[in-house]
Amino acid sequence: MRPVPAEGLVNLALLLPACFLVEVILGGPFGTYGGVSVRFLLLGASGAVLLFALLLRGRLTGAHLVPLFSVAGFMALNGIWVAVVPVLTGTDMHWALREPHAFIVLVPVVLLLGLLSRDQLARTVPRLQRLVVIASLVLAVFQVSLWLVGTLLGDLQWVVSYLLDAVFVGAGDHLKVGLTPDGFFRVFWISTLWCLLAYFWVPVAFPGSRLKWLYRGVLLLSLFAAYSRGIWVGLAAGILVAFGATLSWRTPAWRLGRSALLGGAAALAIVGVVAASGELERGVKRVTSTTSRADVSINARLEQAPHLLRLWYEHPFVGNGYGAYAAGHVRSQEAPYSYEHMPYALLAKLGLLGVLLSGGIVAGWAYLAWHARRRAPRQVAAFLGACTALLVAEMTNPLVLNFVSMSIFACLLVQWADLAAPMEVSPRGSVTA
(Lines give C-alpha, C1' and ligand atoms only; values in the text may rest on other atoms or scores of the structure.)
Protein backbone atom coordinates (compact mmCIF):
# COMPACT_ATOMS: atom_id res chain seq x y z
CA MET A 1 0.00 0.00 0.00
CA ARG A 2 1.44 3.35 -1.03
CA PRO A 3 1.89 5.89 1.84
CA VAL A 4 -0.40 8.90 1.84
CA PRO A 5 1.56 12.02 0.81
CA ALA A 6 1.93 14.61 3.57
CA GLU A 7 -0.13 17.21 1.75
CA GLY A 8 -2.86 14.74 0.87
CA LEU A 9 -2.95 13.55 4.47
CA VAL A 10 -3.42 17.10 5.70
CA ASN A 11 -6.20 17.84 3.21
CA LEU A 12 -8.07 14.70 4.23
CA ALA A 13 -7.63 15.52 7.92
CA LEU A 14 -9.03 19.03 7.42
CA LEU A 15 -12.15 17.96 5.55
CA LEU A 16 -14.27 17.01 8.60
CA PRO A 17 -13.24 20.09 10.66
CA ALA A 18 -14.36 22.21 7.70
CA CYS A 19 -17.74 20.45 7.67
CA PHE A 20 -17.98 20.99 11.43
CA LEU A 21 -17.41 24.73 11.05
CA VAL A 22 -20.02 25.07 8.31
CA GLU A 23 -22.57 23.24 10.47
CA VAL A 24 -21.80 25.39 13.53
CA ILE A 25 -22.26 28.58 11.50
CA LEU A 26 -25.39 27.58 9.59
CA GLY A 27 -26.91 24.91 11.83
CA GLY A 28 -28.66 27.13 14.34
CA PRO A 29 -28.55 26.83 18.14
CA PHE A 30 -28.36 23.06 18.55
CA GLY A 31 -27.04 21.23 15.50
CA THR A 32 -29.47 18.38 16.14
CA TYR A 33 -31.25 16.71 13.22
CA GLY A 34 -33.79 13.93 13.64
CA GLY A 35 -32.74 13.55 17.25
CA VAL A 36 -29.07 13.08 16.31
CA SER A 37 -26.50 15.68 17.40
CA VAL A 38 -24.68 16.02 14.10
CA ARG A 39 -22.57 18.87 15.52
CA PHE A 40 -21.01 16.73 18.24
CA LEU A 41 -20.57 13.80 15.86
CA LEU A 42 -18.66 16.06 13.46
CA LEU A 43 -16.55 17.43 16.30
CA GLY A 44 -15.71 13.97 17.59
CA ALA A 45 -14.95 12.69 14.10
CA SER A 46 -12.76 15.75 13.43
CA GLY A 47 -10.71 15.08 16.54
CA ALA A 48 -10.41 11.39 15.69
CA VAL A 49 -9.27 12.07 12.12
CA LEU A 50 -6.71 14.65 13.23
CA LEU A 51 -5.38 12.26 15.88
CA PHE A 52 -5.18 9.42 13.34
CA ALA A 53 -3.29 11.66 10.90
CA LEU A 54 -0.91 12.70 13.66
CA LEU A 55 -0.28 9.06 14.63
CA LEU A 56 0.15 8.12 10.97
CA ARG A 57 2.78 10.82 10.59
CA GLY A 58 4.40 9.48 13.75
CA ARG A 59 5.74 12.73 15.20
CA LEU A 60 4.94 16.32 16.06
CA THR A 61 6.07 18.75 13.41
CA GLY A 62 7.82 20.91 16.00
CA ALA A 63 6.89 24.04 14.06
CA HIS A 64 4.33 25.30 16.56
CA LEU A 65 5.42 23.96 19.92
CA VAL A 66 4.98 27.26 21.76
CA PRO A 67 1.41 27.83 20.48
CA LEU A 68 0.59 24.15 21.02
CA PHE A 69 1.75 24.09 24.64
CA SER A 70 0.18 27.48 25.39
CA VAL A 71 -3.26 26.32 24.19
CA ALA A 72 -2.87 22.97 26.00
CA GLY A 73 -1.73 24.86 29.10
CA PHE A 74 -4.74 27.16 28.92
CA MET A 75 -7.04 24.13 28.83
CA ALA A 76 -5.18 22.42 31.69
CA LEU A 77 -5.30 25.59 33.78
CA ASN A 78 -9.05 25.93 33.35
CA GLY A 79 -9.35 22.23 34.12
CA ILE A 80 -8.37 23.08 37.70
CA TRP A 81 -11.55 25.14 38.01
CA VAL A 82 -13.53 22.28 36.44
CA ALA A 83 -12.32 19.32 38.51
CA VAL A 84 -10.41 20.58 41.56
CA VAL A 85 -11.88 23.88 42.81
CA PRO A 86 -15.53 22.66 42.74
CA VAL A 87 -14.52 19.74 45.00
CA LEU A 88 -12.79 22.09 47.43
CA THR A 89 -15.66 24.59 47.53
CA GLY A 90 -18.58 22.15 47.42
CA THR A 91 -19.91 23.25 44.01
CA ASP A 92 -22.26 20.77 42.33
CA MET A 93 -20.02 18.68 40.02
CA HIS A 94 -22.88 18.14 37.59
CA TRP A 95 -22.95 21.84 36.79
CA ALA A 96 -19.15 22.13 37.09
CA LEU A 97 -18.76 19.66 34.24
CA ARG A 98 -21.66 20.94 32.19
CA GLU A 99 -20.84 24.65 32.06
CA PRO A 100 -17.33 24.43 30.50
CA HIS A 101 -18.02 21.45 28.22
CA ALA A 102 -17.37 23.63 25.17
CA PHE A 103 -13.63 23.66 25.99
CA ILE A 104 -13.52 20.35 24.15
CA VAL A 105 -13.58 22.36 20.90
CA LEU A 106 -9.96 23.37 21.62
CA VAL A 107 -8.75 19.75 21.46
CA PRO A 108 -8.74 19.71 17.61
CA VAL A 109 -6.71 22.94 17.71
CA VAL A 110 -3.98 21.22 19.73
CA LEU A 111 -3.99 18.25 17.35
CA LEU A 112 -3.91 20.56 14.34
CA LEU A 113 -0.88 22.44 15.64
CA GLY A 114 0.91 19.16 16.21
CA LEU A 115 0.10 17.93 12.70
CA LEU A 116 0.76 20.90 10.43
CA SER A 117 4.14 22.14 9.31
CA ARG A 118 4.87 25.85 9.17
CA ASP A 119 4.08 26.10 5.46
CA GLN A 120 0.93 23.97 5.79
CA LEU A 121 -0.46 26.18 8.56
CA ALA A 122 0.33 29.30 6.52
CA ARG A 123 -1.75 27.85 3.66
CA THR A 124 -4.52 26.58 5.94
CA VAL A 125 -5.29 29.90 7.66
CA PRO A 126 -6.43 31.75 4.48
CA ARG A 127 -8.60 28.77 3.55
CA LEU A 128 -10.12 28.78 7.02
CA GLN A 129 -10.82 32.50 6.79
CA ARG A 130 -12.48 32.21 3.37
CA LEU A 131 -14.62 29.30 4.58
CA VAL A 132 -15.77 31.22 7.67
CA VAL A 133 -16.48 34.42 5.74
CA ILE A 134 -18.45 32.67 2.98
CA ALA A 135 -20.55 30.64 5.44
CA SER A 136 -21.12 33.74 7.60
CA LEU A 137 -22.23 35.71 4.54
CA VAL A 138 -24.82 33.02 3.79
CA LEU A 139 -26.04 33.32 7.37
CA ALA A 140 -26.03 37.14 7.17
CA VAL A 141 -28.06 37.17 3.93
CA PHE A 142 -30.59 34.83 5.54
CA GLN A 143 -30.89 36.97 8.67
CA VAL A 144 -31.08 40.26 6.77
CA SER A 145 -33.79 38.79 4.53
CA LEU A 146 -35.82 37.78 7.58
CA TRP A 147 -35.34 41.26 9.04
CA LEU A 148 -36.47 42.97 5.84
CA VAL A 149 -39.57 40.78 5.58
CA GLY A 150 -40.47 41.37 9.22
CA THR A 151 -39.75 45.11 9.02
CA LEU A 152 -41.14 46.12 5.64
CA LEU A 153 -43.85 43.49 5.19
CA GLY A 154 -45.58 43.37 8.54
CA ASP A 155 -48.49 41.32 7.21
CA LEU A 156 -46.06 38.54 6.24
CA GLN A 157 -44.31 38.22 9.59
CA TRP A 158 -45.97 34.84 10.02
CA VAL A 159 -43.83 33.60 7.11
CA VAL A 160 -40.70 34.25 9.18
CA SER A 161 -41.94 32.13 12.10
CA TYR A 162 -43.05 29.35 9.77
CA LEU A 163 -39.70 29.32 7.97
CA LEU A 164 -37.68 29.27 11.19
CA ASP A 165 -39.77 26.46 12.65
CA ALA A 166 -39.13 24.45 9.51
CA VAL A 167 -35.37 25.14 9.36
CA PHE A 168 -34.52 25.04 13.08
CA VAL A 169 -36.83 22.42 14.55
CA GLY A 170 -37.18 22.75 18.30
CA ALA A 171 -35.03 25.87 18.64
CA GLY A 172 -37.81 27.72 20.44
CA ASP A 173 -36.72 30.57 22.70
CA HIS A 174 -33.10 30.32 21.54
CA LEU A 175 -34.09 32.20 18.38
CA LYS A 176 -34.63 35.85 19.28
CA VAL A 177 -36.72 36.63 16.22
CA GLY A 178 -39.78 38.85 16.33
CA LEU A 179 -41.00 42.22 17.54
CA THR A 180 -39.32 43.72 20.60
CA PRO A 181 -41.27 45.88 23.08
CA ASP A 182 -40.16 49.05 21.25
CA GLY A 183 -41.45 47.73 17.90
CA PHE A 184 -38.13 46.69 16.31
CA PHE A 185 -38.19 43.40 14.39
CA ARG A 186 -35.18 41.60 15.85
CA VAL A 187 -33.32 38.72 14.18
CA PHE A 188 -30.69 37.15 16.43
CA TRP A 189 -29.41 33.77 17.51
CA ILE A 190 -26.05 32.63 18.83
CA SER A 191 -24.54 31.98 15.37
CA THR A 192 -24.79 35.72 14.68
CA LEU A 193 -21.46 36.04 16.49
CA TRP A 194 -19.81 34.48 13.43
CA CYS A 195 -20.84 37.56 11.45
CA LEU A 196 -18.86 39.64 13.93
CA LEU A 197 -15.74 37.54 13.31
CA ALA A 198 -16.32 37.52 9.54
CA TYR A 199 -16.52 41.33 9.45
CA PHE A 200 -12.89 41.54 10.56
CA TRP A 201 -11.75 38.61 8.44
CA VAL A 202 -13.16 39.88 5.12
CA PRO A 203 -10.09 42.05 4.23
CA VAL A 204 -7.68 39.13 4.79
CA ALA A 205 -9.91 36.44 3.31
CA PHE A 206 -10.53 38.41 0.10
CA PRO A 207 -7.71 41.00 -0.03
CA GLY A 208 -8.02 41.81 -3.72
CA SER A 209 -11.80 41.63 -4.07
CA ARG A 210 -13.70 44.74 -5.10
CA LEU A 211 -16.76 43.34 -3.32
CA LYS A 212 -15.28 43.28 0.17
CA TRP A 213 -17.12 46.49 1.11
CA LEU A 214 -20.37 44.89 -0.04
CA TYR A 215 -19.57 41.80 2.04
CA ARG A 216 -18.91 43.95 5.08
CA GLY A 217 -22.09 45.92 4.48
CA VAL A 218 -24.21 42.76 4.51
CA LEU A 219 -22.48 41.58 7.68
CA LEU A 220 -23.07 44.97 9.31
CA LEU A 221 -26.77 44.83 8.46
CA SER A 222 -27.03 41.40 10.07
CA LEU A 223 -25.34 42.75 13.21
CA PHE A 224 -27.74 45.71 13.22
CA ALA A 225 -30.70 43.34 12.92
CA ALA A 226 -29.37 41.42 15.93
CA TYR A 227 -30.30 44.47 18.01
CA SER A 228 -27.65 43.73 20.64
CA ARG A 229 -25.97 46.73 22.24
CA GLY A 230 -23.13 44.54 23.42
CA ILE A 231 -22.38 43.49 19.85
CA TRP A 232 -22.62 47.08 18.61
CA VAL A 233 -20.26 48.40 21.27
CA GLY A 234 -17.90 45.48 20.67
CA LEU A 235 -17.91 46.14 16.94
CA ALA A 236 -17.01 49.80 17.47
CA ALA A 237 -14.21 48.91 19.91
CA GLY A 238 -12.87 46.24 17.55
CA ILE A 239 -12.80 48.62 14.59
CA LEU A 240 -10.77 51.14 16.61
CA VAL A 241 -8.29 48.48 17.72
CA ALA A 242 -7.97 47.04 14.20
CA PHE A 243 -7.35 50.49 12.76
CA GLY A 244 -4.81 51.31 15.47
CA ALA A 245 -2.94 48.05 14.83
CA THR A 246 -2.21 49.11 11.25
CA LEU A 247 -0.82 52.51 12.23
CA SER A 248 2.78 53.48 12.82
CA TRP A 249 4.79 56.68 12.77
CA ARG A 250 5.53 55.92 9.10
CA THR A 251 1.87 55.71 8.11
CA PRO A 252 1.32 58.27 5.32
CA ALA A 253 -1.35 60.92 5.78
CA TRP A 254 -3.07 59.97 2.51
CA ARG A 255 -3.69 56.47 3.85
CA LEU A 256 -5.37 57.84 6.95
CA GLY A 257 -7.51 60.13 4.80
CA ARG A 258 -8.48 57.31 2.43
CA SER A 259 -9.44 55.05 5.34
CA ALA A 260 -11.55 57.81 6.88
CA LEU A 261 -13.22 58.54 3.53
CA LEU A 262 -14.03 54.90 2.77
CA GLY A 263 -15.23 54.30 6.31
CA GLY A 264 -17.45 57.38 6.18
CA ALA A 265 -18.91 56.39 2.81
CA ALA A 266 -19.66 52.86 4.06
CA ALA A 267 -21.26 54.23 7.22
CA LEU A 268 -23.47 56.58 5.21
CA ALA A 269 -24.56 53.72 2.96
CA ILE A 270 -25.53 51.58 5.95
CA VAL A 271 -27.33 54.49 7.59
CA GLY A 272 -29.20 55.08 4.32
CA VAL A 273 -30.41 51.48 4.17
CA VAL A 274 -31.44 51.52 7.83
CA ALA A 275 -33.18 54.89 7.44
CA ALA A 276 -35.07 53.60 4.39
CA SER A 277 -36.36 50.73 6.50
CA GLY A 278 -37.66 53.21 9.08
CA GLU A 279 -35.58 51.70 11.90
CA LEU A 280 -32.88 54.38 12.26
CA GLU A 281 -34.59 56.22 15.11
CA ARG A 282 -35.11 53.03 17.11
CA GLY A 283 -31.49 52.04 16.55
CA VAL A 284 -30.24 55.41 17.80
CA LYS A 285 -32.43 55.17 20.90
CA ARG A 286 -31.13 51.66 21.49
CA VAL A 287 -27.53 52.91 21.46
CA THR A 288 -28.19 55.93 23.67
CA SER A 289 -29.99 53.75 26.22
CA THR A 290 -26.69 51.96 26.95
CA THR A 291 -25.95 54.34 29.83
CA SER A 292 -29.54 54.43 31.08
CA ARG A 293 -30.54 52.56 34.22
CA ALA A 294 -34.17 52.80 33.20
CA ASP A 295 -33.68 50.07 30.59
CA VAL A 296 -35.14 46.72 31.70
CA SER A 297 -32.35 44.51 30.31
CA ILE A 298 -29.60 46.72 31.76
CA ASN A 299 -31.35 46.71 35.13
CA ALA A 300 -31.49 42.91 35.02
CA ARG A 301 -27.73 42.77 34.61
CA LEU A 302 -27.11 45.28 37.38
CA GLU A 303 -29.26 43.24 39.75
CA GLN A 304 -26.95 40.27 39.27
CA ALA A 305 -23.83 42.15 40.44
CA PRO A 306 -24.37 42.12 44.26
CA HIS A 307 -25.40 38.45 44.24
CA LEU A 308 -22.30 37.47 42.27
CA LEU A 309 -20.07 39.60 44.48
CA ARG A 310 -21.40 37.84 47.57
CA LEU A 311 -20.68 34.52 45.88
CA TRP A 312 -17.12 35.70 45.16
CA TYR A 313 -16.60 36.80 48.79
CA GLU A 314 -17.01 33.17 49.85
CA HIS A 315 -13.73 32.20 48.11
CA PRO A 316 -12.13 35.40 46.79
CA PHE A 317 -8.75 33.85 45.88
CA VAL A 318 -9.72 30.68 43.98
CA GLY A 319 -13.42 31.35 43.34
CA ASN A 320 -16.11 28.68 43.45
CA GLY A 321 -15.25 26.88 40.23
CA TYR A 322 -17.22 26.44 37.03
CA GLY A 323 -20.88 25.63 37.56
CA ALA A 324 -21.16 27.85 40.64
CA TYR A 325 -24.21 30.07 41.01
CA ALA A 326 -25.78 32.43 43.53
CA ALA A 327 -28.70 30.59 45.13
CA GLY A 328 -30.52 33.86 45.71
CA HIS A 329 -30.49 34.83 42.03
CA VAL A 330 -30.95 32.05 39.46
CA ARG A 331 -31.79 33.07 35.89
CA SER A 332 -32.60 29.60 34.59
CA GLN A 333 -33.34 26.29 36.30
CA GLU A 334 -31.90 24.47 33.27
CA ALA A 335 -28.59 26.37 33.54
CA PRO A 336 -28.42 28.04 36.98
CA TYR A 337 -24.75 28.96 36.44
CA SER A 338 -25.63 31.18 33.48
CA TYR A 339 -25.38 34.95 34.05
CA GLU A 340 -25.39 37.90 31.69
CA HIS A 341 -23.03 40.03 33.80
CA MET A 342 -19.96 38.03 32.81
CA PRO A 343 -17.16 40.05 34.50
CA TYR A 344 -18.73 39.44 37.92
CA ALA A 345 -19.67 35.87 37.00
CA LEU A 346 -16.11 34.97 35.97
CA LEU A 347 -14.74 36.57 39.12
CA ALA A 348 -17.13 34.52 41.27
CA LYS A 349 -16.23 31.30 39.44
CA LEU A 350 -12.48 31.70 38.90
CA GLY A 351 -11.53 34.04 41.73
CA LEU A 352 -8.62 36.44 41.56
CA LEU A 353 -6.14 33.66 40.81
CA GLY A 354 -8.08 32.14 37.91
CA VAL A 355 -8.91 35.49 36.34
CA LEU A 356 -5.29 36.68 36.56
CA LEU A 357 -3.79 33.44 35.21
CA SER A 358 -6.29 32.99 32.35
CA GLY A 359 -6.18 36.70 31.57
CA GLY A 360 -2.39 36.60 31.57
CA ILE A 361 -2.34 33.84 28.96
CA VAL A 362 -4.79 35.74 26.76
CA ALA A 363 -2.73 38.93 27.17
CA GLY A 364 0.37 36.96 26.18
CA TRP A 365 -1.34 35.82 22.98
CA ALA A 366 -2.24 39.42 22.17
CA TYR A 367 1.33 40.54 22.92
CA LEU A 368 2.86 37.99 20.54
CA ALA A 369 0.34 38.91 17.85
CA TRP A 370 1.12 42.61 18.25
CA HIS A 371 4.81 41.95 17.57
CA ALA A 372 3.95 40.36 14.22
CA ARG A 373 2.57 43.67 12.88
CA ARG A 374 5.52 44.38 10.58
CA ARG A 375 5.32 40.92 9.04
CA ALA A 376 1.52 40.69 8.68
CA PRO A 377 -0.18 43.99 9.58
CA ARG A 378 -3.57 43.12 8.10
CA GLN A 379 -3.72 39.72 9.78
CA VAL A 380 -2.75 41.23 13.13
CA ALA A 381 -5.37 43.97 12.74
CA ALA A 382 -8.03 41.38 11.88
CA PHE A 383 -7.03 39.19 14.84
CA LEU A 384 -6.87 41.92 17.46
CA GLY A 385 -9.98 43.66 16.16
CA ALA A 386 -12.04 40.46 16.20
CA CYS A 387 -10.78 39.48 19.66
CA THR A 388 -11.66 42.90 21.07
CA ALA A 389 -15.12 42.94 19.48
CA LEU A 390 -15.98 39.45 20.69
CA LEU A 391 -14.60 40.01 24.19
CA VAL A 392 -16.67 43.17 24.68
CA ALA A 393 -19.80 41.61 23.16
CA GLU A 394 -19.53 38.51 25.32
CA MET A 395 -19.19 40.41 28.59
CA THR A 396 -22.87 41.35 28.53
CA ASN A 397 -24.28 37.92 27.72
CA PRO A 398 -23.58 34.34 28.91
CA LEU A 399 -21.82 33.53 25.65
CA VAL A 400 -18.15 33.07 26.58
CA LEU A 401 -18.40 29.35 27.31
CA ASN A 402 -21.02 28.65 24.67
CA PHE A 403 -20.23 25.98 22.07
CA VAL A 404 -20.45 28.45 19.19
CA SER A 405 -18.37 31.07 20.96
CA MET A 406 -15.65 28.54 21.79
CA SER A 407 -15.58 27.43 18.14
CA ILE A 408 -14.90 31.04 17.15
CA PHE A 409 -12.18 31.15 19.80
CA ALA A 410 -10.65 28.01 18.28
CA CYS A 411 -10.53 29.63 14.83
CA LEU A 412 -8.85 32.72 16.27
CA LEU A 413 -6.26 30.53 17.99
CA VAL A 414 -5.39 28.88 14.68
CA GLN A 415 -4.90 32.35 13.17
CA TRP A 416 -2.84 33.40 16.19
CA ALA A 417 -0.60 30.32 15.94
CA ASP A 418 0.27 31.33 12.38
CA LEU A 419 1.09 34.87 13.54
CA ALA A 420 3.13 33.67 16.50
CA ALA A 421 5.17 31.11 14.53
CA PRO A 422 8.89 31.91 14.55
CA MET A 423 10.62 33.25 11.50
CA GLU A 424 12.38 30.60 9.43
CA VAL A 425 15.69 30.95 7.59
CA SER A 426 15.83 29.46 4.12
CA PRO A 427 18.90 27.60 2.81
CA ARG A 428 19.99 30.75 0.97
CA GLY A 429 19.90 32.75 4.16
CA SER A 430 16.79 34.79 3.46
CA VAL A 431 14.22 35.17 6.22
CA THR A 432 10.67 33.95 5.55
CA ALA A 433 7.54 34.19 7.58
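This is a predicted model: local features need pLDDT of at least 70, side-chain atom pairs count only at pLDDT 80 or more; totals for chains, interfaces and linings use all residues.

Q: What are the closest N and O atoms' separation and the partner of R39 in its salt bridge?

A: The partner is E23, and the closest N and O atoms of the two residues are 2.7 Å apart. E23 belongs to helix α1 (residues 6-26) and R39 to helix α2 (residues 38-57), so this contact ties together parts that are 16 residues apart in sequence.

Q: Why do E23 and R39 count as buried?

A: The cut-off for a buried residue is under 20% relative accessible area. E23 counts as buried because its relative accessibility is 9%. R39 likewise counts as buried, because its value is 2%.

Q: Which residue meets the side chain of K349 in a salt bridge?

A: That residue is E99, with an N to O distance of 3.4 Å. The pair links distant parts of the chain, 250 residues apart: K349 is in helix α15 (residues 342-370), whereas E99 is in the loop between α5 (93-98) and α6 (106-115). K349 counts as buried at 2% relative accessibility, and E99 is buried with a relative accessible area of 9%.

Q: Where in the chain do D418 and R118 lie?

A: D418 lies in helix α17 (residues 403-420) and R118 in helix α7 (residues 118-152); the pair links distant parts of the chain, 300 residues apart. These two residues form a salt bridge whose closest N and O atoms are 2.7 Å apart.

Q: Are D418 and R118 buried or exposed?

A: Both D418 and R118 are buried.

Q: Let us turn to the rings. How many aromatic pairs does the structure hold?

A: For this reading, two rings pair if their centres lie within 6.5 Å. The structure holds 20 aromatic pairs.

Q: Which residues do ring pairs link into a cluster with W365?

A: Ring pairs join W365 with F74, F103, Y322, F409 and W416 in a cluster.

Q: Which ring lies under the charged end of R216, and which under that of R373?

A: Here one looks for a charged side-chain end placed over the face of a ring, judged from the ring centre and the ring normal. The charged end of R216 sits over the ring of Y199, at 4.2 Å from its centre. For R373, the charged end sits over the ring of W370, at 3.9 Å from the centre of that ring.

Notes:
Residues are numbered from 1 along each chain as its sequence is written. Side-chain values use heavy atoms; hydrogens and water are left out. Rings of Phe, Tyr and Trp (its six-membered ring) pair if their centres lie within 6.5 Å; planes under 30 degrees apart count as stacked, over 60 as edge-to-face and the rest as tilted. A charge sits over a ring if NZ of Lys or CZ of Arg is within 6 Å of the ring centre and within 35 degrees of the ring normal. A salt bridge is a side-chain nitrogen of Lys or Arg within 4 Å of a carboxyl oxygen of Asp or Glu. Helices (H or I, at least four residues) and strands (E, at least two) are DSSP runs, numbered from the N terminus. Buried means under 20% relative accessible area, exposed over 50%, partly exposed in between (1.4 Å probe, protein chains only).
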